[in-house]
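Have a look at the sequence and the structure, then read on.

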Amino acid sequence: MGSNIQSIDRAASILAVILESETSPSFTEIMEATGLARSTASRLLSSLEDNHLVAKNEENLYCAGPMITRFAHSSGPEEDLITQSQEAMELLSKETKEAINLAVLVGDEVQQIAQLDSKYLMGNVNWVGLSVPTHCSAVGKAFLAFGSVTTTGRLKKRTPMSITNKAVLEKDLKKVRARGWALSDSELEVGLTAVGAPIFGADGHVVAALSVSGPTMRLTTSRVEVVGALLARQGILISQQLGYTPQESTIKEHSTSDRKVGAA
């Protein structure tokens with residue numbers, strides 16, 4: 001019994017380090033913070049991963065797993081973010097027929113917490129529980145553009161189209177702020193285009209991001225413009241439900257496009 005309780009205490013200490021860290025910690029940092037031996041830390045982390053309580057990103061750093069993320073956003077001050085976004089996600093799904101995702105910031109990456117699948121066979125990938133970098137994803141740029149997170153360290157080149165220069169990235173984020181939506185065109189994965197828009201909380205900070213994604217051959221330049229305007233409008237509407245009061249100019253700008261998106 002004592003051994004089991006000790007294991008639970010140690011696993012809890014590891015989880016606390018990961019959840020309380022400003023950036024995703026490495027295995028070594030977790031060992032140093034908890035004082036656990038390498039073999040013990042490795043065994044407990046594997047168990048936490050198996051139970052979806054923690055996850056590793058592409059740089060082998062640790063962050064909250066899908067179980068934690070879903071629970072954290074199943075209830076709270078926003079009165080269930082997923083529920084609040086459901087109607088907008090269904091509308092976007094109906095209009096675009098592409099995959100619709102809701103994402104939140106977890107550490108220094110963005111994690112998908114809800115999805116409506118694409119109506120097409122091509123491009124139907126389940127993103128729920130997956131974490132993606134901020135600088136090369138549409139949902140990530142939605143957080144970066146409005147100051148909810150900043151990039152740290154080297155910007156990893158996921159594809160030949162990924163932005164790896166911070167000055168170039170800032171120019172892109174300036175466009176996001178001006179039009180209200182972000183674009184990732186083959187930056188996260190070749191052939192994948194995604195459009196993302198921020199969802200603001202009552203205090204004006206970005207609490208989530210909404211996205212439409214699909215193959216680049218369907219999400220053409222002209223179609224992206226229409227999807228972006230529709231997405232930004234839905235993001236503002238959800239934000240208002242959460243108590244956010246947008247500037248009048250923002251509402252007017254995001255209300256100008258009521259055109260049908262249409263199929264590719």
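Predicted model: local features only at pLDDT ≥ 70, side-chain atom pairs only at ≥ 80, totals over all residues.

Residues are numbered from 1 along each chain as its sequence is written, and side-chain values use heavy atoms, with hydrogens and water left out.

## The overall picture

The protein's secondary structure comes to 9 helices and 8 strands. Here helices (H or I, at least four residues) and strands (E, at least two) are DSSP runs, numbered from the N terminus. Of its 264 residues, 48% count as buried. Buried means under 20% relative accessible area, exposed means over 50%, and partly exposed is in between (1.4 Å probe, protein chains only).

How many residues does the largest nonpolar core have? It has 28, and those with the most contacts inside it are Leu81, Leu92, Leu102, Ile199, Leu210 and Leu231. A nonpolar core is a set of buried Ala, Val, Leu, Ile, Met, Phe, Trp, Tyr and Cys residues joined through side-chain atoms within 4.5 Å. Two or more residues of this core come from each of strand E2 (62–64), helix H5 (81–96), strand E3 (99–106), strand E4 (109–116), strand E7 (192–200), strand E8 (206–215) and helix H8 (221–241). H8 gives the most, with 6 residues.

Take Leu92 as a way in: leaving aside residues up to four places away in sequence, Leu92 touches Lys97, Ile100, Leu210, Val212, Leu230, Leu231 and Gln234. There is also a second, separate core of 22 residues, and Val139, Leu144, Ile163 and Ala209 are among its members.

Val227 is found in helix H8 and is buried, at 0% relative accessibility. Val227 and Thr96 are 131 residues apart in sequence, yet their C-alpha atoms are 7.5 Å apart in space.

The axes of H6 (residues 138–145) and H7 (residues 166–179) come within 9 Å and cross at roughly 85°. Those axes are lines fitted to C-alpha atoms, for helices over the stretch in contact, and the angles run from 0 to 180 degrees between N-to-C directions. H6 and H7 are therefore roughly perpendicular to each other, a label that covers 65 to 115 degrees (under 35 is roughly parallel, over 145 roughly antiparallel, and the rest oblique).

Where they meet, H6 brings Lys141, Leu144 and Ala145, while H7 brings Leu169, Asp172, Leu173, Val176 and Arg177.

## Some loop residues

| Residue | Relative accessible area |
|---|---|
| Glu98 | 0% |
| Ser137 | 3% |
| Ser186 | 11% |
| Lys97 | 36% |

Glu98 sits in the loop between H5 and E3 and is buried. A polar contact of 2.8 Å joins the side chains of Glu98 and Arg218. A polar contact is a pair of N or O atoms within 3.5 Å; within protein, one must be able to donate a hydrogen and the other to accept it, and residues adjacent in sequence count only if both atoms are side-chain atoms. Beyond four places in sequence, Glu98 also touches residues including Tyr120, Pro215 and Arg223.

Lys97 is found in the loop between H5 and E3 too, but is partly exposed. Lys97 has a positive phi of about 65° although it is not a glycine. Most residues other than glycine have a negative phi. Ser186, in the loop between strand E6 (182–185) and E7, has a positive phi of about 60° and is not a glycine either.

Ser137 lies in the loop between strand E5 (131–133) and H6. A polar atom of the Ser137 side chain is 2.6 Å from the backbone oxygen of Pro133.

Terms used: Contact = heavy atoms within 4.5 Å.
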